[in-house]
Amino acid sequence: KSMKLEYALNMGDSTILAKGSREVTLDMRREDTLRFVARVPVTALWSSDSPHLLRLDLCNRIEGRVAECVSRQVGVREATLRSDALRVNHRPVQLHLADYDGKRPLDEVLLGSINGLFVTADVASEQLLAECDRRGVWVIVCAPFDTMSFPSSLRRGGNPTNDPSWRELAISLNEAAYHATKLHPSVVGYAIARGVTNGIVIYETYLRMKSLERSLPIVYEGFGGEWCSDRIRIR
């Protein structure tokens, strides 16, 4: 089918930053990616101090008829990882994170110097991340892969971090966590797992995540000075 995808990127005051359309023809079960480029002023970039959210409107027309319309809020920010520092919009970010299980109101967690959350992917719901987007709260999402209850031994039958049979599960859990949360500007990093041991599973999962995400840090609390974690300061 041939379709026409119309798009509009708006600021909060309804100022249109970009507008246009693209046409594409697809065979049955074939997929394609359409990319749009828009200029966003510095004053509209998202940060913890100024959590500006834009509105992206998409409308898909097939043979002139509206087939689907989607509207969502998006945040635009530039993130880079240099040495041991994360920079957002060219400014260094200090992360003071609290472990969050989703059971308490955020106002009870974000006290004092705490400016962000460390959450597992099952806790990082769309509702929670949307609130973090609105409030300018930093978030690091951890894949639900926890080896703390296993023996710390890396011998056969010991910890899953060095057991190749766990490799595919660890990678798939990390990929799912990444793709489910990557559109939220508040998410500024990913944790491979909870654990204190290293092994082939951690090494290969780290490499896989770095192939997906080159700007944001990929961390592992049990890296023990090895190369399987980006070295940023998290307090």
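Arg235 sits in the segment after strand S12 (218-219); strands here are DSSP runs (E) of at least two residues and helices are runs (H or I) of at least four, both numbered from the N terminus. The model is a predicted one, so local features need pLDDT of at least 70 and side-chain atom pairs count only at pLDDT 80 or more, while totals for chains, interfaces and linings use all residues. Residues are numbered from 1 along each chain as its sequence is written, and side-chain values use heavy atoms, with hydrogens and water left out.

Arg235 counts as exposed because its relative accessibility is 55%; the cut-offs are over 50% for exposed, under 20% for buried, and partly exposed in between, with a 1.4 Å probe and protein chains only. Leaving aside neighbours within four places in sequence, Arg235 is in contact (heavy atoms within 4.5 Å) with Gln94, Leu95, His96 and Leu97. From Arg208, Arg235 is 27 residues away in sequence and 26 Å away in space, C-alpha to C-alpha.

Asp230 is also placed in the segment after S12, but with 12% relative accessibility it counts as buried. Its side chain makes a polar contact with the side chain of Lys210, at 2.9 Å. Such a contact is a pair of N or O atoms within 3.5 Å; within protein, one must be able to donate a hydrogen and the other to accept it, and residues adjacent in sequence count only if both atoms are side-chain atoms. Not counting residues up to four places away in sequence, Asp230 touches Leu81, Tyr206, Lys210, Leu216, Pro217, Ile218 and Val219.

Now for the sheet. Five strands form an open sheet in the order S8-S9-S10-S11-S12, with parallel pairing; two strands pair if DSSP finds at least two bridges between them. Strand S8 (97-99) and S12 are the edges, each pairing on one side only. Helix H2 (residues 126-135) packs on this sheet and touches strand S9 (116-120), S10 and S11, its direction making about 165° with that of S9. Angles run from 0 to 180 degrees between N-to-C directions, with axes fitted as lines to C-alpha atoms, for helices over the stretch in contact. Helix H3 (residues 167-181) lies across S10 and S11, at about 175° to S11.

Back on H2, the buried residues are Leu128, Leu129, Cys132 and Asp133. Seen down the helix axis, they fall within an arc of 140°, so they line one face of H2; the arc is that of the directions from the axis to the C-beta atoms. Their cover includes helix H1 (106-109), S9, S10, H3 and S11.
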